[in-house]
Amino acid sequence: MTPTLHTDRLVFAPYRPEDEEVFVALLRDEVVCRWMGQERSPEKEIRSIFRSILTDVYGKNMFDVWAVWSGGAYVGHAEIKKTGNVDGYEAVAALVREHWGKGLGTELVQGLLDYAADTLKVSEVYGMVGAENAACLGLAGKMGSRHIRDVVGDDGTVTKMVVIPVGVRA
């Protein structure tokens, strides 16, 4: 069962049915998706993913995924899971664009790393970052990341795969 986590300014809480609209809005933002290193999906597909989080991911305890809140406002999305992309856990983090530049991204990623160390008992976490996302690549660098490889999409966009040790503080 996905636990609720707390940092200084953030609350990581399991999604609830009433969170669907904020989830959809985040993943419909083309700029957010580009910086995450993924293509924007159609709204119908995003809604299907959201329903799958509530029924399959939580219902089958597949992995941890959270709505991230600050002062009662939805500020982003976080998850940590085993994937076929890496030999270990992959962290996924996204912030609503209006909350960029406030240090929340650093706090969100640090919260995921702390959870990975304390709960999952791992020493490193992988991440995928759009190659042009200088802010996130800088954050990953401050946290001691190591570049693993570049992944080139069908459209030619490049996503950087990095691995971050969990014991480092930004």
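Me: Is Tyr15 buried or exposed, and what is its relative accessible area?

Reply: Buried means under 20% relative accessible area, exposed over 50%, and partly exposed in between (1.4 Å probe, protein chains only). Tyr15 is buried, because its relative accessible area is 4%. This is a predicted model, in which local features need pLDDT of at least 70, side-chain atom pairs count only at pLDDT 80 or more, and totals for chains, interfaces and linings use all residues. Residues are numbered from 1 along each chain as its sequence is written, and side-chain values use heavy atoms, with hydrogens and water left out.

Me: How is a pair of aromatic rings described?

Reply: Such a pair is described by the distance of the centres and the angle of the planes. Rings of Phe, Tyr and Trp (its six-membered ring) pair if their centres lie within 6.5 Å; planes under 30 degrees apart count as stacked, over 60 as edge-to-face and the rest as tilted. Seven aromatic pairs occur in the structure. In one of them, Tyr15 and Phe23 lie edge-to-face, 5.3 Å centre to centre with 85 degrees between the planes.

Me: Why does the pair of Phe23 and Phe50 count as tilted?

Reply: Their planes stand at 50 degrees, with the ring centres 5.3 Å apart, so the pair is tilted. The pair links distant parts of the chain, 27 residues apart: Phe23 belongs to helix α1 (residues 20–28) and Phe50 to helix α3 (residues 43–57). Helices (H or I, at least four residues) are DSSP runs, numbered from the N terminus. Phe23 is buried at 1% relative accessible area, and Phe50 is buried at 1%.

Me: Which residues form one aromatic cluster?

Reply: The cluster consists of Tyr15, Phe23, Phe50, Trp69 and Tyr74.

Note on methods
Helix = DSSP H or I, 4+ residues; strand = E, 2+ residues; numbered from the N terminus.
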